Amino acid sequence: MLDLELYLDEVGKRIMERRKKLGLTQEALAEMSDLTTQFVSYAESGKRGMRPENLMKIAAALGVSTDYILTGDIIDKDKLLLSEKLDKLTPEEVRLVEGIIDECILLYHR
């Protein structure tokens, strides 16, 4: 039972971190995912597991894959979502983002 509780807690933390990174309240995430605020609160606190369709709604609203929410792993779908965001930028902005990524690689992989 402890493993399941730890797992749900980690899933909840990823949901909450992503929600906050996007500047969303629990209410806003609930509305975007067509769920209740109480459901989002329980999911973030690790008090409740989710049915697959609700996990998919949360992931879509947060702009991440279900794999990321469940495991924390970045998969090809997450990279595709990032690529779609890059498509909305001008060439100059893309070069700027590329430079930021290069600096992060240097900073974190020294």
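The largest pocket has a volume of about 450 Å³, taken as the space filled by probe spheres set on grid points joined across faces, edges and corners. A pocket here is an open set of points on a 1 Å grid over the protein atoms alone, where a 1.4 Å probe fits, with protein on both sides within 12 Å along at least five of seven lines. The model is predicted: local features need pLDDT of at least 70, side-chain atom pairs count only at pLDDT 80 or more, and totals for chains, interfaces and linings use all residues. Residues are numbered from 1 along each chain as its sequence is written, and side-chain values use heavy atoms, without hydrogens or water.

Thirteen residues line the largest pocket; lining residues have an atom within 4 Å of a point. Arg18, Lys21, Val64, Tyr68 and Ile74 lie nearest its centre. Helices α1 (2–21) and α6 (76–86) each supply at least two lining residues. The most comes from α6, with five.

The protein has seven helices and zero strands, where helices are DSSP runs of H or I of at least four residues and strands are E runs of at least two. The C-alpha trace spans about 45 × 35 × 20 Å along its principal axes. Of the 110 residues, 25% are buried (under 20% relative accessible area, 1.4 Å probe, protein chains only). Among contacts (heavy atoms within 4.5 Å) with a separation of 6 or more, 46% join residues 24 or more positions apart.

Methods
Buried means under 20% relative accessible area, exposed over 50%, partly exposed in between (1.4 Å probe, protein chains only).
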